[in-house]
Amino acid sequence: MSNTKVLPLLESAPGQAEAPCCPPLTERPFTVEEAETAARMFKALGDPVRLRLFSAVASHEGGEACVCDISDVGVSQPTVSHHLKKLKEAGLLTSERRGTWVYYRVEPTVLAAMGQLLIKAAPAA
């Protein structure tokens with residue numbers, strides 16, 4: 001039995017679009033700040049363990065995961081904590097402590113922003 005609850009995702013105000021981190025790659029060259037933001041996100045996801053942890057949180061039922069449910073990625077618990085910290089620092093995850101456990105969820109605008117950045121850059125089929 002689990003005593004977790006589903007937290008609602010933050011949504012934009014009516015009529016207000018999500019603010020992506022950066023424009024699509026094909027729109028215009030990045031500013032220094034946009035390039036640093038995008039690089040920080042992609043660098044964090046460039047590590048296979050971090051990518052697995054991010055995927056585990058993003059795909060977990062309810063959109064959030066207890067660290068106790070996602071820590072089996074082949075590294076020690078302190079290393080898992082280090083990687084989760086790096087994902088938080090890159091703005092990809094948020095967390096909330098509940099008792100002795102920490103619950104992680106993907107920052108609400110991250111997937112949409114990353115998708116917009118890459119999808120519009122993909123060549124048409």
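The secondary structure of the protein chain, in this predicted model, comes to five helices and three strands, where helices (H or I, at least four residues) and strands (E, at least two) are DSSP runs numbered from the N terminus. Followed along the sequence, these elements give the pattern α-α-β-α-α-β-β-α. Residues are numbered from 1 along each chain as its sequence is written, and side-chain values use heavy atoms, with hydrogens and water left out. Because the model is predicted, local features need pLDDT of at least 70 and side-chain atom pairs count only at pLDDT 80 or more, whereas totals for chains, interfaces and linings use all residues.

Of the 125 residues in the protein chain, 29% are buried, a term that stands for under 20% relative accessible area, with exposed meaning over 50% and partly exposed lying in between (1.4 Å probe, protein chains only). The protein chain exposes about 8,100 Å², of which carbon and sulfur atoms supply 57%; accessible areas come from the Shrake-Rupley method with a 1.4 Å probe, and for residues only the protein chains shown count as cover. As for contacts (heavy atoms within 4.5 Å), among those in the protein chain between residues at least 6 apart in sequence, 57% join residues at least 24 apart.

Turning to charged side chains, a search of the whole structure finds seven salt bridges, each defined as a side-chain nitrogen of Lys or Arg within 4 Å of a carboxyl oxygen of Asp or Glu. One of them pairs Glu-64 with Arg-98, the closest N and O atoms being 3.0 Å apart. This pair links distant parts of the chain, since Glu-64 belongs to strand S1 (residues 64–66) and Arg-98 to strand S2 (residues 93–98), 34 residues apart. Glu-64 is buried, with a relative accessible area of 6%.

Arg-98 also forms a salt bridge with Glu-96, for which the closest N and O atoms are 3.5 Å apart, and Glu-96 counts as partly exposed at 28% relative accessibility. Through salt bridges that share partners, Glu-64, Glu-96, Arg-98 and Arg-105 are joined into one network.
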